[in-house]
Amino acid sequence: MEIKKIFVVGAGQMGNGIAQVSAQAGYDTVIYDITQELVDKGVNIIKKNLERNVAKGKMSADEQAAILGRLKATTTLEDAADADLVIEAIIENFDIKKEVFEKLDQITPPHAILATNTSSLPITQIAACTKRPEKVIGMHFMNPVPVMKLVEIIRGLATSDEVYQIVEETSIKMGKVPVWCKDVPGFVSNRVLQVMINEALWELYEGVAPAENIDNIMKLGMNHPMGPCALADLIGLDTVLAILNVMYTGYGDPKYRPSPLLKQYVQAGWLGRKTGKGIYDYSNQ
Ligand SMILES: NC(=O)c1ccc[n+]([C@@H]2O[C@H](COP(=O)([O-])OP(=O)(O)OC[C@H]3O[C@@H](n4cnc5c(N)ncnc54)[C@H](O)[C@@H]3O)[C@@H](O)[C@H]2O)c1
């Protein structure tokens with residue numbers, strides 16, 4: 001099966017990045033969110049990214065226009081009726097994803113592949129919300145999507161070989177490097193990464209060092225391009241907490257227990273860069 005049209009559900013930081021690389025790869029792309037304001041916000045970020053590429057000489061104005069010509073925005077989920085591949089990138093919450101996958105299963109044509117960009121939730125459980133579990137797969141892009149090379153591909157228990165192969169090929173066409181792993185809570189990436197981020201948040205909670213020091217120690221000492229506190233703010237503290245909770249319940253192991261400070265930041269609505277405040281303050285940026 002040839003993928004021609006990709007429908008991206010969610011225009012947040014991951015959704016707009018996925019829609020951008022999809023349109024750049026030549027796919028007819030539709031980006032969806034629940035309100036016009038949210039969808040416009042996502043499209044504007046894509047436009048700004050493309051403009052920056054043109055200004056830097058990485059892309060011509062004609063290419064930019066062609067990419068934007070392939071991109072459509074909608075607040076109507078029914079517009080997924082002719083999609084070949086749906087990539088879901090909404091909030092990291094199983095019940096909300098379940099509702100969306102049930103609807104997508106009704107709306108999309110029988111051949112359509114339903115992929116999820118979930119950071120941690122079981123692909124098998126999401127697949128079981130549909131009548132086509134063989135066509136459901138994890139397509140885990142990294143943040144920021146236009147920059148990061150990896151797509152972690154996760155097969156559910158029922159995902160077919162054909163679907164895996166198509167998604168692998170599509171990822172390559174988007175300029176990414178697909179690497180598969182099994183369907184376990186947090187997959188490979190977040191099982192390693194979030195434990196480190198959570199440990200940094202425990203250190204912050206205990207007053208071991210301020211965030212700047214924790215980040216500098218990891219950057220200068222371990223050669224990390226970004227410290228764990230800055231990275232948590234980039235990911236979104238709500239997403240970090242959701243992932244840790246999935247792993248905490250999924251493995252039943254106290255090593256994934258989220259730092260109380262992380263919970264408090266989320267309760268305060270300090271979610272990181274996307275809200276202008278998280279562990280650090282971004283109000284002047
Ligand atoms: N942030 C990261 O670094 C990162 C990396 C990889 C994967 N992910 C995963 O990607 C997904 C999205 O994360 P994000 O960082 O883009 O979040 P975000 O908060 O930036 O965006 C989420 C978007 O989903 C929309 N949304 C919420 N409920 C919806 C619904 N019912 N239907 C349609 N849209 C809905 C919201 O309006 C919002 O625009 C999550 O599953 C997350 O775990 C995030």
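**Ground rules.** Residues are numbered from 1 along each chain as its sequence is written. In this predicted model local features need pLDDT of at least 70, side-chain atom pairs count only at pLDDT 80 or more, totals for chains, interfaces and linings use all residues, and side-chain values use heavy atoms, with hydrogens and water left out.

**Who sits around the ligand?** I looked up the shell and found 23 residues, with Asp33, Glu92, Lys97, Ser119 and Ile235 coming nearest. I took near to mean that a heavy atom of the residue lies within 4 Å. By class, I noted eleven nonpolar, eight polar and four charged residues. Nonpolar is Ala, Val, Leu, Ile, Met, Phe, Trp, Tyr, Cys and Pro, charged is Asp, Glu, Lys and Arg, and the others, Gly among them, are polar.

**Where do they come from?** α4 (94-107) is one of the elements that supply at least two residues, and α4 gives the most, with three. Helices (H or I, at least four residues) and strands (E, at least two) are DSSP runs, numbered from the N terminus. Domain 1 (5-181) and domain 2 (190-275) both give residues to the shell, so the ligand lies between them. The domain bounds come from an automatic or database assignment.

**Polar contacts.** I checked pairs of N or O atoms within 3.5 Å. The side chain of Asn117 has an N or O atom 3.0 Å from a ligand oxygen. For Asn143, a polar side-chain atom is 3.1 Å from an oxygen of the ligand. Ile90 uses a backbone N or O atom instead, 3.1 Å from a ligand oxygen.

Terms used:
A polar contact is a pair of N or O atoms within 3.5 Å; within protein, one must be able to donate a hydrogen and the other to accept it, and residues adjacent in sequence count only if both atoms are side-chain atoms.
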